[in-house]
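Please examine the structure shown below. The paragraphs that follow lead through it part by part.

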Amino acid sequence: SVLIIGAAGQLGSELTQELANIYGGENVIATDINPQALYKFDYCKSMVLDAMDKNAVSKLVKEENVKQIYHLAAVLSATGEKNPLFAWQLNMDSLLFILELAKEEKLDKIYWPSSIAVFGPNTPKVNTPQYCVKEPNTVYGISKQAGERWCEYYFQKFGVDVRSLRYPGLIGYKSLPGGGTTDYAVDIYHKAIAGEHFVSFLNENTYLPMMYMPDAIKATIDLMHAPKEKVKIRSSYNLAAISFSPKEIYESIKQHYPEFTISYSPDFRQGIADSWPDSIDDSRAREDWGWDHAYDLSKMTEDILKHLPSYSF
Ligand code: VAH
């Protein structure tokens, strides 16, 4: 079976569906700490699971003959700054345990998401390279950078086939805005279709690397299905699609909703966004396993505005 930990999160909500399409719902186990969120997994197995409960995770892996784990549970950047030690514990301890379990149980493959949050204020901001200075100054970024080191370590020392992507801000319409610094770009669509004014918590010209969720799902599946020898980077691959600012995404929506209005009122998340790159060089992902994105800003906006109004959460 394929186990997804943190399946009810922004990425998990959509990745779980794709994994069920590929492996069959009877072979996919969607788990999350929040029992209320499991209703949406009517197409596969689902159960409550706390990523920090080592005995429960270990028991489930053995009982359900789990061969792959997608470990998605984490505290995101903005929320992490409000609970630093909990964010470190959840993001780090749970990953370490999953890597150890994969080694002990000889699991086939592990997936673990990293993020552009591993880059910090003194990282080159434009076309950020795969290898560069990384001094993240958020707990989330620190945990992702440390997590990448552990993934590479378990691959090199113990042969654990763990694979990872440094996601940019992920934008999708199938989950509500979460504790991410990039989640303004999810919320803006909800405000537009509700006919409400949008207050951006980032300044109008704050460029951030972003990606429409279908591209992120495609990249994840492509990476996980790539032949082992093509996955040459075992820390985490840079991954990119589009970069835009609040002003630009607003303009793309205004094409469809001419009355839509925006104002800018930066908060603590501006500091987090300023510590991250404007754009990412993902040429290694494109060279090693054929990555290519499909959605630009206008195509993403068109697709979201087509589906969001009738989407039931
Ligand atoms: C966050 N959406 O904002 C996540 C992501 C690059 C951003 O890691 O924390």
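The end C-alpha atoms of residues 2-239 lie 24 Å apart, and this span is 39% helix and 17% strand. Helices (H or I, at least four residues) and strands (E, at least two) are DSSP runs, numbered from the N terminus. In an unreviewed entry, UniProt lists residues 2-239 as "domain: NAD-dependent epimerase/dehydratase"; UniProt positions are given in the numbering used here, feature names are shortened, and annotations may be inferred rather than shown by experiment. The model is a predicted one, in which local features need pLDDT of at least 70 and side-chain atom pairs count only at pLDDT 80 or more, while totals for chains, interfaces and linings use all residues. Residues are numbered from 1 along each chain as its sequence is written, and side-chain values use heavy atoms, with hydrogens and water left out.

Helix H2 comprises residues 54-63 and contains Ser58. Is this residue buried or exposed? Ser58 counts as buried because its relative accessibility is 14%, where buried means under 20% relative accessible area, exposed over 50%, and partly exposed in between (1.4 Å probe, protein chains only). Apart from neighbours within four places in sequence, Ser58 is in contact (heavy atoms within 4.5 Å) with Phe97 and Leu101.

The crossing of H2 and H4 is right-handed: the near helix is turned clockwise from the far one by less than a right angle. Lys54, Val57, Ser58 and Val61 of H2 meet Phe97, Ile98 and Leu101 of H4. By class, this contact of H2 with H4 has five nonpolar, one polar and one charged residues; Ala, Val, Leu, Ile, Met, Phe, Trp, Tyr, Cys and Pro count as nonpolar, Asp, Glu, Lys and Arg as charged, and the others, Gly among them, as polar.

Tyr184, Ala185, Ile188, Tyr189 and Ala192 of H6 make the contact with Pro246, Ile249, Tyr250 and Ile253 of H8. The residues of this contact divide into nine nonpolar, no polar and no charged.

Gly180 lies in the loop between strand S9 (169-171) and helix H6 (184-193). At 6% relative accessibility, Gly180 counts as buried.
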